[in-house]
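Thanks for passing this one along.

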Amino acid sequence: GGMILHVPLVITVSSAALVVFVTAYLIRKLSSPARFYSPRLKDHPDPAVRAGIAKIMGEYKNDPRIVKGLMDAFIHEKFPGVRLQIVQSLERLRAPSSLAFLEEKAKLEPFPSVKHAIDTAINTINGKIKEPRRSEIRMTRGKNLPPSGRRLRNFVLFYHTKFNTSVYFL
């Protein structure tokens with residue numbers, strides 16, 4: 001009768017081991033995005049690629065090296081479009097460590113659109129602008145929305161148009 005007990009135990013142990021392995025693998029993979037992206041954000045010859053890299057870097061929450069990489073790149077970046085994307089990524093990351101940097105850059109930024117993005121980012125990081133929760137937004141993807149869902153979607157789109165930020169989660 002020992003066999004019947006033995007099989008589920010093996011499955012449980014192996015699935016637990018798999019979870020541990022996959023978690024360790026993902027942590028290792030995701031712990032190096034800053035090492036991968038930061039040099040390319042600074043040195044890639046194509047500004048469109050640099051802007052794309054800056055946008056991707058905004059996906060990595062809670063990584064101080066990503067924040068540092070974005071701030072370092074901003075200092076050297078000559079293209080306002082790329083600077084704008086860097087600022088929007090810093091805004092998405094909401095890292096308090098970037099506040100002093102953004103406040104300093106707001107005083108020096110010559111381009112109005114980038115300056116506006118910096119001011120918006122500062123307000124967001126300070127918690128003055130509330131971003132709609134992702135769970136609320138996910139339901140706005142459906143075609144047959146209830147009136148409340150439609151109102152929310154229209155509000156989200158209006159909000160982003162009004163404040164000129166990219167709608168990156170719709």
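Here are my notes, point by point.

1. **Ground rules.** This is a predicted model, in which local features need pLDDT of at least 70 and side-chain atom pairs count only at pLDDT 80 or more, while totals for chains, interfaces and linings use all residues. Residues are numbered from 1 along each chain as its sequence is written, and side-chain values use heavy atoms, with hydrogens and water left out.

2. **Overall picture.** The chain has nine helices and zero strands, and the pattern along the sequence reads α-α-α-α-α-α-α-α-α. Helices (H or I, at least four residues) and strands (E, at least two) are DSSP runs, numbered from the N terminus. Of the 170 residues in the chain, 35% are buried; buried means under 20% relative accessible area, exposed over 50%, and partly exposed in between (1.4 Å probe, protein chains only). Among contacts (heavy atoms within 4.5 Å) with a separation of 6 or more, 61% are between residues 24 or more positions apart.

3. **Helix H2.** Which residues of H2 (residues 33–43) are buried? They are Pro33, Ala34, Tyr37, Ser38 and Leu41. These residues cover an arc of only 105° around the axis, so they sit on the same side of H2. The arc is taken from the directions from the helix axis to the C-beta atoms. Arg35 and Asp43, on the other side of H2, are exposed. As a reminder, an α-helix has 3.6 residues a turn, so residues three or four places apart point the same way.

4. **Helix H3.** Here the buried residues are Arg50, Ala51, Ile53, Ala54 and Met57, in a helix spanning residues 47–57. Their arc around the axis is only 160°, which puts them on the same side of H3. The cover over the buried residues of H3 includes H2, H4 and H5.

5. **H4 against H5.** The axes of H4 (residues 64–76) and H5 (residues 80–93) come within 10 Å and cross at roughly 155°. Axes are lines fitted to C-alpha atoms, for helices over the stretch in contact, and angles run from 0 to 180 degrees between N-to-C directions. On the H4 side, the contact uses Ile66, Val67, Leu70, Met71, Ala73 and Phe74, and on the H5 side Arg83, Ile86, Val87, Ser89, Leu90 and Leu93. By class, the contact of H4 with H5 has ten nonpolar residues, one polar and one charged. Nonpolar covers Ala, Val, Leu, Ile, Met, Phe, Trp, Tyr, Cys and Pro; charged covers Asp, Glu, Lys and Arg; the others, Gly among them, are polar.

6. **H6 against H7.** The axes of H6 (residues 99–108) and H7 (residues 112–125) come within 9 Å, crossing at roughly 150°. That makes H6 roughly antiparallel to H7. Leu99, Leu102, Glu103, Lys105 and Ala106 of H6 meet Lys115, Ile118, Asp119, Ala121, Ile122 and Ile125 of H7. The residues in the contact of H6 with H7 are seven nonpolar, no polar and four charged.

7. **Two residues to look at.** Arg94 has a positive phi of about 50° although it is not a glycine. Arg94 lies in the loop between H5 and H6 and is partly exposed, with a relative accessible area of 31%. Pro112 belongs to H7 and is exposed, with a relative accessible area of 63%.

Definitions and conventions
Angles under 35 degrees count as roughly parallel, over 145 as roughly antiparallel, 65 to 115 as roughly perpendicular and the rest as oblique.
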